[in-house]
Amino acid sequence: MVTGRKYRAKAMGKESREMFITWSAAQMLTYNALVQEREYFLCFYQKFGGRLPPIDQKYAHLFNLKDEEFAWMSPLPAQVFRNGAVLHKKAWSNCFTGVTRKPRCKKISGAPRSLWLTRELFSVRQVSKRWYELSVGTKTIKGGKFLFKAHRPFTAPASIYLTGTASELFISFSCEEETEHYPETLEEKLARLSQYDQEELRGISLGIDRGVVIPFQLSDGRRFDYSQTQRDRLKAYERRKKHYQRMMARRIKGSSNWKKAKAKLHQCYRYSSCVRKDFAHQTSHVVVSDKTVEIIGMEDLKIKSMTSSPEAKASEDGKFLPNGAKAKAGLNRAILEKAWGLTENFIKYKSRRAGKLLIKVPAPYTSQTCSRCSCQAKNSRKSQALFRCANCGFSQNADRNAAENIRFCAVELLRAGGIKPKEVRKTMRLRRKRACAEA
């Protein structure tokens, strides 16, 4: 089974760090030039019609390496530019199949870097029991060397990604992993689970409710939240963020002191990101590793829409009216801090690897419906934490009641045949205008 690996790496010397910065800039510049060229072709096609040129991997016409502006790119191997062109073509292929959106230019200066290396550009050598050395370069062009520690053995990868920020560097690749039992496909899971009755399906299912006060509440009573130490440190780092932002505002942009404050601000953001990622990994691991669970139900939340800013309101005389933007910003911040989407993505790929089924159910009215009598009433939700049914009088924690409703909805959706493989479709549509001669 093909799996992904990601390890923290360390550049061996200044030359290796400079190589990564230079090669990644050249590859990303090739990608951006092809994106801009394609945008020009699309604009011309939409305005005048005609035929679009095919998306290929040609890049030689983009730069004149003899010019002084691109002289720094002349000593680099041609495979670096070719890989940038291949990434551009892959991005358009994913766009046409509906996997991603239309490719856009990537920021290079002051942004995270990425470098894609194919097999002819690198070699991996084991230097000790768990340490490996990545040598980058060709027979004629020297690159750099990087060390990384792998906790498990792996087969030789066909390509490697080097990604880095101002303080971190990572190596990621895909490799073949030996396994005794391959996970079932979606069709096989549905065929097997369709033979179970309702009570058996409810016995092997688990519902997850997401909230602001309690990030993740399970239908079996378990809760997942940040520890008190993590909450205290996150608050402290939020104060530090504002402090360093004020320092940057008072200093001259681009000066050495401004860069120092920016580096400290980046450390604050990095800590918050690491805490959220660690919380998402631990939560998803506990949920998926439960051997008694085969069906996981979650709300189909549109997190991007939920965290969007409110529209501005203007009066007749042109003055802006209060629209609750400040309160909405606080709610958006609270939602994003709970790592809803990140945990959902981790549960998604871990459940697929473990052979379990993740079902997304409609979110409306799960918190207003009684999990015992299925009565839906708005006044049953007495408070944020208390649910008392207006029909049967059943009382329970509101989040757990919602999690049980999600579990029941997932089972009913499965029994009704509402789970189908995702259909890949094209999402890009071009409006073709008539040519000038026909207008």
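How many of the five residues of strand 11 are buried? In this predicted model, five of five are, and strand 11 (residues 295-299) is mostly covered.

**The sheet around strand 11**

In a regular strand, side chains alternate between the two faces of the sheet. Strand 11 is covered on both faces. Ile 295, Gly 297 and Glu 299 are buried on one side. Ile 296 and Met 298 are buried on the other.

Strand 8 (residues 205-210) runs parallel to strand 11, and the two pair over four bridges. Here Ile 208 stands opposite Met 298. Strand 14 (residues 357-361) also pairs with strand 11 in the parallel sense, over five bridges. Ile 295 has Leu 357 as its bridge partner in strand 14. Glu 299 has Val 361 as its bridge partner there.

**A helix pair**

Two packed helices are described by the angle between their axes and the distance between the axes. For helix 6 (residues 256-288) and helix 9 (residues 340-354), the axes come within 9 Å and cross at roughly 35 degrees. The crossing is right-handed. Residues in the contact include Arg 276, Ala 280 and His 281 of helix 6, and Leu 342, Phe 346 and Tyr 349 of helix 9. Sorted by type, the contact residues of these two helices are eight nonpolar, six polar and three charged.

**Aromatic pairs**

The structure holds 17 aromatic pairs. Two of them are listed here.

| Pair | Centre to centre | Angle between planes | Class |
|---|---|---|---|
| Tyr 40 and Phe 44 | 6.5 Å | 35 degrees | tilted |
| Trp 92 and Phe 96 | 5.7 Å | 35 degrees | tilted |

Tyr 40 and Phe 44 both lie in helix 1 (residues 14-48), four residues apart, about one turn of the helix. Tyr 40 is exposed, at 55% relative accessibility. Phe 44 is partly exposed, at 44%.

Trp 92 and Phe 96 are also four residues apart, in helix 2 (residues 78-96). Trp 92 is buried, because its relative accessible area of 3% falls under the 20% cut-off. Phe 96 is partly exposed at 33%.

Elsewhere, ring pairs link Tyr 7, Tyr 132, Phe 148, Phe 154 and Phe 173 into a cluster.

How values were computed. Residues numbered from 1 in each chain as written. Predicted model: local features only at pLDDT ≥ 70, side-chain atom pairs only at ≥ 80, totals over all residues. Heavy atoms only, no water. Axes fitted to C-alpha atoms, helices over the stretch in contact; angles between N-to-C directions. Left-handed = near helix turned anticlockwise from the far one by under 90°. Contact = heavy atoms within 4.5 Å. Nonpolar A, V, L, I, M, F, W, Y, C, P; charged D, E, K, R; others polar. Buried < 20%, exposed > 50% of the residue type's maximum accessible area, 1.4 Å probe, protein only. Pairing = 2+ DSSP bridges. Phe/Tyr/Trp six-rings, centres within 6.5 Å; stacked < 30°, edge-to-face > 60°.
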